[in-house]
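This report describes selected local features of one protein model, arranged by structural element.

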Amino acid sequence: MSYGKRSYVEHVAVHVRDIDWHVRFFRDALGMDVRAVDGTVEAPKQVWTVGGVQLIADPAFAGPEGRLAHLGVMTDDLEAALTEVHRWGVTTLPQGRNWVALPEGLCVEIIQ
C-alpha cells in the first residue's frame, strides 16, 4: 500500500564557500530574508532563508560552489512516510532515522 499523503520540498541545502556573500545575494538581490541562523549572525554555520534555501558554510569545500547537500521534504505523516520510503531500498543515515540516502546517493531529510 502506498503512502497516501502529499509531501513537498521544504528546503534545499547547498554547500557554499562564502556564506556571507550568499546571504547578501539571496536577501538583497532576491528579497529572501533570513528566517534562521545556526551559529552567530557574525559567523553563521548555516543560514535558512524564507523561500527554502539552506546555505551551509564550508570554506574548504573542494567541490563546485553550490553543491547540493540534501533535500528537506515536508510530509503530513512522518511515520507513514518513513515506513513507505524504507520499502524503496534507502539507507538510514547517521543524522537520524528521518535522514535517508537513496540508492544513487541523494540525501533526503524527511520532516513533519
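## Helix 2 and its cover

What covers the buried residues of helix 2? The cover includes strand 5 (68–75), strand 7 (96–101) and strand 8 (107–111), judged by contact, meaning heavy atoms within 4.5 Å. Helices (H or I, at least four residues) and strands (E, at least two) are DSSP runs numbered from the N terminus.

Helix 2 spans residues 78–85, and its buried residues are L78, A81, L82 and E84. Because these residues cover an arc of only 165 degrees around the axis, they lie on the same side of helix 2; the arc is that of the directions from the helix axis to the C-beta atoms. Buried denotes under 20% relative accessible area, exposed over 50%, and partly exposed in between (1.4 Å probe, protein chains only).

At the N-terminal end, helix 2 is capped by D77, with a side-chain oxygen 3.3 Å from the backbone nitrogen of E79.

## Q54 in strand 4

Strand 4 (residues 53–57) contains Q54, which counts as buried because its relative accessibility is 3%. Beyond its neighbours within four places in sequence, Q54 is in contact with residues including V12, V14, W48 and H70.

## F25 in helix 1

F25 belongs to helix 1 (residues 19–29). Its relative accessible area is 34%, so F25 is partly exposed.

## Basis of the values

The model is predicted: local features need pLDDT of at least 70, side-chain atom pairs count only at pLDDT 80 or more, and totals for chains, interfaces and linings use all residues. Residues are numbered from 1 along each chain as its sequence is written, and side-chain values use heavy atoms, with hydrogens and water left out.

Terms used. A polar contact is a pair of N or O atoms within 3.5 Å; within protein, one must be able to donate a hydrogen and the other to accept it, and residues adjacent in sequence count only if both atoms are side-chain atoms.
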